[in-house]
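Hello,

Here is the structure I promised to pass on to you. Please open it first, and then read my notes beside it.

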Amino acid sequence: TPFKGGTLYPVPILIMLPFATDAGGTIPLSFPWPPGLASGFSIFWQYGIQDAAAIKGVSLSNALQSTTP
């Protein structure tokens, strides 16, 4: 889906969480997977960062996928 001059991949958006980058520009994310998820269950991630130098003021990350083993 086109968004702010880029492409937003995980659509529909189910959850939006506010995070901030640290001084190095990283966002450390750590959480346990909920028990009982079927093998092969996937969650797709993408984040936008306010960026004054970007075309519409937002830079989007690559689309990411986490899958249970």
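The model is predicted, so local features need pLDDT of at least 70 and side-chain atom pairs count only at pLDDT 80 or more, while totals for chains, interfaces and linings use all residues. Residues are numbered from 1 along each chain as its sequence is written, and side-chain values use heavy atoms, leaving out hydrogens and water.

The largest pocket has a volume of about 1,100 Å³. Of its 29 lining residues, Ile15, Met16, Leu17, Gln46 and Tyr47 are the closest to its centre. (A pocket is an open set of points on a 1 Å grid where a 1.4 Å probe fits, with protein on both sides within 12 Å along at least five of seven lines; lining residues have an atom within 4 Å of a point.) The volume is the space filled by probe spheres set on the points.

Strand β3 (42-45) gives the largest share of this lining, four residues. Strands here are DSSP runs of E, at least two residues long, numbered from the N terminus. Ser42 sits in β3 and is partly exposed, at 23% relative accessibility (between 20% and 50%, with a 1.4 Å probe and protein chains only). Its C-alpha atom is 16 Å from that of Asn62, 20 residues apart along the chain.

Now look at Leu29, in the loop between β2 (6-7) and β3. Leu29 is also partly exposed, with a relative accessible area of 49%.

Enjoy exploring!
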